[in-house]
Amino acid sequence: MGNSKVAMTNSFYMNIGNIVLNYIFIFILNMSVKGAAIATLLSRMFCSFIILYMLLNKEHIVHIDTYLKYKFDFSTVKRILKIGIPNGLENGMFQMGKILVQRLVSTFGTAAIAAHAVAFSLTSIAVVPGMALGLAILTVVGQCIGANDYQQAKYYTKKLMIIAYLSTIVAAGILLVGVRYILRFYALPQDTANLAVSMVSLHCVFDFFVWPMAFSFPNALRAANDATFTMIVSTFSMWTFRFALSYVFALYLRMGVIGVWWAMIVDWIFRSICFMIRYKSNKWMNRTLV
């Protein structure tokens with residue numbers, strides 16, 4: 001509805017609540033890891049209730065009259081699932097692959113595990129702008145496709161991708177410059193810190209060129225109901241490159257945990273090439289929901 005401020009505010013309160021509850025459950029109630037899990041669950045539940053309540057506001061363009069009555073509309077559900085199922089399978093496979101790659105990382109010892117965890121946490125911040133613009137692309141291009149205006153869809157895809165690249169370059173650039181200072185807060189041994197710097201640097205450099213194309217850009221295809229193609233490419237790339245190639249680089253080429261990160265970069269590059277070829281072919285156009 002063009003009111004992303006609500007989502008941002010809700011997310012802010014959710015994270016503040018998560019921090020406070022983490023402190024209570026972990027340090028006051030001594031519940032350790034279980035306390036952290038409960039804190040996350042409760043903070044998310046609270047904010048989900050707030051959002052559900054706000055959706056009842058009849059002043060909103062899109063609102064829900066009541067949660068007590070439900071009419072099952074097969075046509076609408078079919079159209080939703082046509083996009084939702086491929087996207088859900090894609091994300092599920094992606095998360096499963098990440099878990100299996102993490103299992104490989106765990107074989108390289110404590111230093112590798114710590115460096116990988118810290119680097120992954122830091123680099124996730126660098127791609128936040130790209131993720132946000134990906135959501136914008138999904139929304140804006142989806143509206144253009146709904147209006148059957150493909151020229152506008154192309155125009156806004158290009159415009160938002162430029163913004164995605166610029167914002168990602170800024171975020172990744174700041175992280176790249178400041179990574180050694182940030183790592184001081186983690187009190188890591190020097191060898192572990194150096195390994196984390198290598199991982200973060202590799203990630204940031206390729207953020208500049210590849211990440212938005214691999215992860216923000218495919219939302220334009222999904223908005224045009226081309227979610228099956230993105231699912232096939234992402235699933236194939238995940239298992240072929242990020243998973244299988246991790247073992248080749250890390251074990252057979254003896255690159256260690258850095259090999260896992262290089263396999264991830266190859267995964268990005270492959271996705272980017274496939275999505276760009278698909279977009280240029282215009283096969284994503286006129287794939288209307290039925």
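Is Thr-230 buried or exposed? At 0% relative accessibility, Thr-230 counts as buried, where buried means under 20% relative accessible area, exposed over 50%, and partly exposed in between (1.4 Å probe, protein chains only). Before we look around, a word on the ground rules. This is a predicted model, in which local features need pLDDT of at least 70 and side-chain atom pairs count only at pLDDT 80 or more, while totals for chains, interfaces and linings use all residues. Residues are numbered from 1 along each chain as its sequence is written, and side-chain values use heavy atoms, with hydrogens and water left out.

**Around Thr-230**

- Thr-230 sits in helix α10 (residues 227-252); helices here are DSSP runs (H or I, at least four residues), as strands are (E, at least two), numbered from the N terminus.
- The side chain of Thr-230 makes a polar contact with the side chain of Glu-90, at 3.4 Å. A polar contact is a pair of N or O atoms within 3.5 Å; within protein, one must be able to donate a hydrogen and the other to accept it, and residues adjacent in sequence count only if both atoms are side-chain atoms.
- Setting aside neighbours within four places in sequence, Thr-230 is in contact (heavy atoms within 4.5 Å) with Glu-90, Pro-218, Leu-221, Arg-222 and Phe-275.

**Salt bridges**

- The model has 4 salt bridges, each being a side-chain nitrogen of Lys or Arg within 4 Å of a carboxyl oxygen of Asp or Glu. Side chains of opposite charge can pair when their charged atoms come close.
- Two of the contacts of Thr-230, Glu-90 and Arg-222, form a salt bridge with each other, their closest N and O atoms being 2.5 Å apart. This pair links distant parts of the chain, with Glu-90 in helix α3 and Arg-222 in helix α9 (residues 218-223), 132 residues apart.
- Glu-90 is buried at 7% relative accessibility, and Arg-222 is buried at 10%.
- Arg-278 pairs with Asp-226 in a salt bridge, with the closest N and O atoms 2.8 Å apart. Arg-278 lies in helix α11 and Asp-226 in the loop between α9 and α10, so the pair ties together parts that are 52 residues apart in sequence. Both Arg-278 and Asp-226 are buried.
- Arg-271 forms a salt bridge with Asp-267, again with closest N and O atoms 2.8 Å apart. Both lie in helix α11, 4 residues apart, about one turn of the helix.
- Arg-271 counts as buried at 3% relative accessibility, and Asp-267 is buried at 0%. Together with Arg-242, these two residues are linked in a network of salt bridges.

**Nonpolar cores**

- A nonpolar core is a set of buried Ala, Val, Leu, Ile, Met, Phe, Trp, Tyr and Cys residues joined through side-chain atoms within 4.5 Å. The largest one has 31 residues, and those with the most contacts inside it are Leu-122, Leu-183, Val-200, Val-260, Trp-261 and Trp-268.
- The elements giving two or more residues to this core are α3, α4, α6, α7, α8 (211-216) and α11. Helix α7 gives the most, with 7 residues.
- Apart from this core lies another, of 24 residues, among them Ile-137, Ala-164, Phe-229 and Cys-274.
- Not counting residues up to four places away in sequence, Trp-268 touches His-203, Phe-206, Asp-207, Val-210, Trp-211, Ala-214, Phe-215 and Arg-242.

- Helix α4 (residues 110-126) has 17 residues, which at 1.5 Å a residue should span 24 Å; its end C-alpha atoms are 25 Å apart, which agrees. The expected span is 1.5 Å times one less than the number of residues.
- Among the buried residues of α4 are His-116, Leu-122 and Thr-123. The buried residues of α4 pack against α3 (74-105), α5 (128-146), α6 (150-182), α7 (190-209) and α11 (257-281).
- In α1, the buried residues are Asn-10, Asn-18, Asn-22 and Phe-25, and they pack against α2 (32-54).
- Just after α1, Asn-30 takes a positive phi of about 55°.
- Phe-49 lies in helix α2 and is exposed, with a relative accessible area of 52%.
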